[in-house]
Amino acid sequence: MPSNVALVPAASPEEALMHFERRLRLETDCWDTHHALNEQEQDFVLLDVRSPDLYEAGHIPKAINLPHGKIIARKMCDFPDDTLFVVYCAGPHCNGANKAAIRLAKLGYQVKELIGGIEGWKDEGFDLVTGVV
């Protein structure tokens with residue numbers, strides 16, 4: 001009798017490849033983001049889509065605060081059409097980053113979600129900054 005892991009057959013290698021490549025087009029992780037912010041040219045805009053109070057209490061360095069409900073065409077007009085946004089919220093228990101990603105995509109922007117959000121960032125041992133940028 002197969003284990004609970006093997007009970008449902010695994011995807012084919014081709015299906016797995018398509019799935020994981022797709023995920024990397026839609027997501028980035030805390031380590032890659034931290035490395036890019038500190039060691040490489042920043043070629044994306046990091047958006048903290050939580051409330052201003054939560055942002056002020058602690059956010060990822062170089063992040064801009066724009067709550068997901070405020071992502072509208074008028075507020076985005078200063079960003080070039082080819083801007084890549086990386087969005088984050090509190091973490092896996094929060095869908096604010098998903099809501100922000102939907103809004104940005106509807107406005108025609110490229111977007112990736114920072115998986116783990118602020119909690120993932122802290123789990124990696126990376127520092128937060130406080131106050132308003």
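Predicted model: local features only at pLDDT ≥ 70, side-chain atom pairs only at ≥ 80, totals over all residues.
Five strands, that is 5 in the model, form an open sheet in the order 1-5-4-2-3. The pairing is parallel. Strands of a sheet pair through backbone hydrogen bonds, either parallel or antiparallel. Look next at the two ends of that order. Strand 1 (27-28) and strand 3 (64-65) stand at the edges. Each has a single partner strand, so one side of each is left without a neighbour in the sheet.

Now take two of the pairings in turn. Strand 1 and strand 5 pair in the parallel sense over 2 bridges. Here Glu27 stands opposite Glu113 of strand 5. Strand 4 and strand 5 also pair in the parallel sense, over 4 bridges. In strand 5, Lys112 is the residue that stands opposite Val86.

A helix lies against this sheet. Helix 6 packs on the sheet and touches strand 2, strand 4 and strand 5. The direction of helix 6 makes about 155° with that of strand 4.

Which residues of helix 6 (residues 96-106) are buried? They are Gly96, Ala97, Ala100, Ala101 and Leu104. Seen down the axis of helix 6, these buried residues fall within an arc of 135°, so they line one face of the helix. The spacing follows a general rule. An α-helix has 3.6 residues a turn, so residues three or four places apart point the same way. The buried residues of helix 6 pack against strand 2 (45-48), helix 5 (73-76), strand 4 (84-88) and strand 5 (110-114). Just after helix 6 comes Gly108, which takes a positive phi of about 90°.

Next, the nonpolar residues. In soluble globular proteins, nonpolar side chains tend to be buried together. The largest nonpolar core in this model has 15 residues. Those with the most contacts inside it are Leu47, Val49, Ile71, Met76, Phe85, Val87 and Leu104. Strand 2, strand 4 and helix 6 are the elements that give two or more residues to this core. Helix 6 gives the most, with 4 residues.

Not counting residues up to four places away in sequence, Leu104 touches Leu47, Ile71, Met76, Phe85, Val87, Tyr109 and Val111. There is also a second, separate core of 14 residues. Among its members are Cys30, Leu46, Ile60 and Ala63.

His68 sits in the loop between strand 3 and helix 5. Is His68 buried or partly exposed? Its relative accessibility is 25%, so His68 counts as partly exposed. Leaving aside neighbours within four places in sequence, His68 is in contact with Val49, Gly96, Lys99, Ala100 and Arg103.

Arg103 lies in helix 6. At 32% relative accessibility, Arg103 counts as partly exposed. Beyond its neighbours within four places in sequence, Arg103 is in contact with His68, Gly69, Ile71 and Ile72. What separates the backbone oxygen of His68 from a polar atom of the side chain of Arg103? The distance is 3.1 Å.

Arg103 and His35 are 27 Å apart in space, C-alpha to C-alpha, and 68 residues apart in sequence.

Definitions and conventions
Residues numbered from 1 in each chain as written. Heavy atoms only, no water. Buried < 20%, exposed > 50% of the residue type's maximum accessible area, 1.4 Å probe, protein only. Arc of directions from axis to C-beta. Contact = heavy atoms within 4.5 Å. Pairing = 2+ DSSP bridges. Axes fitted to C-alpha atoms, helices over the stretch in contact; angles between N-to-C directions. Core = buried A, V, L, I, M, F, W, Y, C linked by side-chain atoms within 4.5 Å. Polar contact = N/O pair within 3.5 Å; in protein donor to acceptor, adjacent residues only side chain to side chain.
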